[in-house]
Amino acid sequence: MDTFKEGKKIMSQKNEPVIEVRDLYFSYTRTPFLKDINFSVNKGEIFGFLGPSGAGKSTLQKVLTGLCTNYLGTARILGTDSNKHGKGFYERIGVDFEFPSLFEKLTARENLDYFASLYSGEKRNADELLKEVGLYEHADKKVSAFSKGMKSRLNFIKSLVHNPQVLFLDEPTSGLDPNNAKIMKNMIRKEREAGKTIIITTHNMQDATELCDRVVFIVDGQMKAIDTPHNFIMKRGAARVTYSFMENGKEQVKTSMLSELSRDVLLQRLIAENRLTSIHSAEPTLSDIFIELTGAQLD
């Protein structure tokens, strides 16, 4: 029996997570590169691997997609160990690597048709996908004439043509202008709403904040922290309010805890006198929190 089908049956019986990683170790040499990795990802969740270049994010993704198989521990996708999967495994996952893997001499539509032909299940409409990423009018142009951003968008929808259950996205907005990055992020959210489980590998903390339900900080092949972006931010400064006002011709800045605002006599007086020049919550960014918790700088 195909190990993927058997794994899927077991998963449905035990209601296991879509992705489960336990006590994972991996090494390219005798020195461990990934060490003691533990997490699980549920259906319909966007989960982020965050960290600087060389931290082990892409290697972890390669382990999960079955490209690096000589690991220790457990790496299970859709109920099947990623180093023991059958042919059906790749029918169920889609991968968008940071560097596009496209045929330059073929058109955009020909690329999608070719990659769709490699799968046996029901395919998504290529023209609809091209329209969603703004490439429909370029569908019959050779990919060699595409810009980096156009190739990135085409590579993304290539990972969707066979309608996979799990998506692995490596720096999905890299090289995109703000408008196309927004289109890409909206499409990723739509895939989540359709029940897809999505892994995003990135060092772009803004993307992670906007997209991910949970994130894990990875530095030097190890997990440093795991939580939702909201919880990370709320635990480290979101409960502070900073306000400014003019006093004797100079701008003054004060900070108060959110829980203490009702007892902040100065703030109440400034509001009553309409003298505030600014007021805002003092929220750290996910990048600030990453540096604080790990001591590592993002590239």
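User: How many bridges join strand 1 (residues 19-26) to strand 2?
Analyst: Strand 1 and strand 2 run antiparallel and are joined by five bridges. Strands here are DSSP runs of E of at least two residues, helices are runs of H or I of at least four, and both are numbered from the N terminus. Two strands pair if DSSP finds at least two bridges between them.

User: What kind of model is this, and how are residues numbered?
Analyst: This is a predicted model, in which local features need pLDDT of at least 70 and side-chain atom pairs count only at pLDDT 80 or more, while totals for chains, interfaces and linings use all residues. Residues are numbered from 1 along each chain as its sequence is written, and side-chain values use heavy atoms, with hydrogens and water left out.

User: Back to the strands: which residue in strand 2 is the bridge partner of L24?
Analyst: That partner is I37.

User: And in what order do the four strands of the open sheet run?
Analyst: The order is 2-1-4-5, with antiparallel pairing. Strand 2 (34-41) and strand 5 (80-81) are the edge strands, each pairing on one side only.

User: Changing topic, is T59 buried or exposed?
Analyst: T59 lies in helix 2 (residues 57-64). T59 is buried, as its relative accessible area is 8%; buried means under 20%, exposed over 50% and partly exposed in between, for a 1.4 Å probe and protein chains only.

User: Which residues does T59 touch?
Analyst: Leaving aside residues up to four places away in sequence, T59 touches F26, Y28, F33 and L34, where contact means heavy atoms within 4.5 Å. The side chains of T59 and Y28 also make a polar contact at 2.9 Å. A polar contact is a pair of N or O atoms within 3.5 Å; within protein, one must be able to donate a hydrogen and the other to accept it, and residues adjacent in sequence count only if both atoms are side-chain atoms.

User: How far is K62 from V95?
Analyst: K62 and V95 are 9.9 Å apart in space, C-alpha to C-alpha, and 33 residues apart in sequence.

User: Lastly, what sits just after helix 10?
Analyst: N274 does, with a positive phi of about 55 degrees. At the start of helix 10 (residues 265-272), a side-chain oxygen of D264 comes to within 3.3 Å of the backbone nitrogen of L266.
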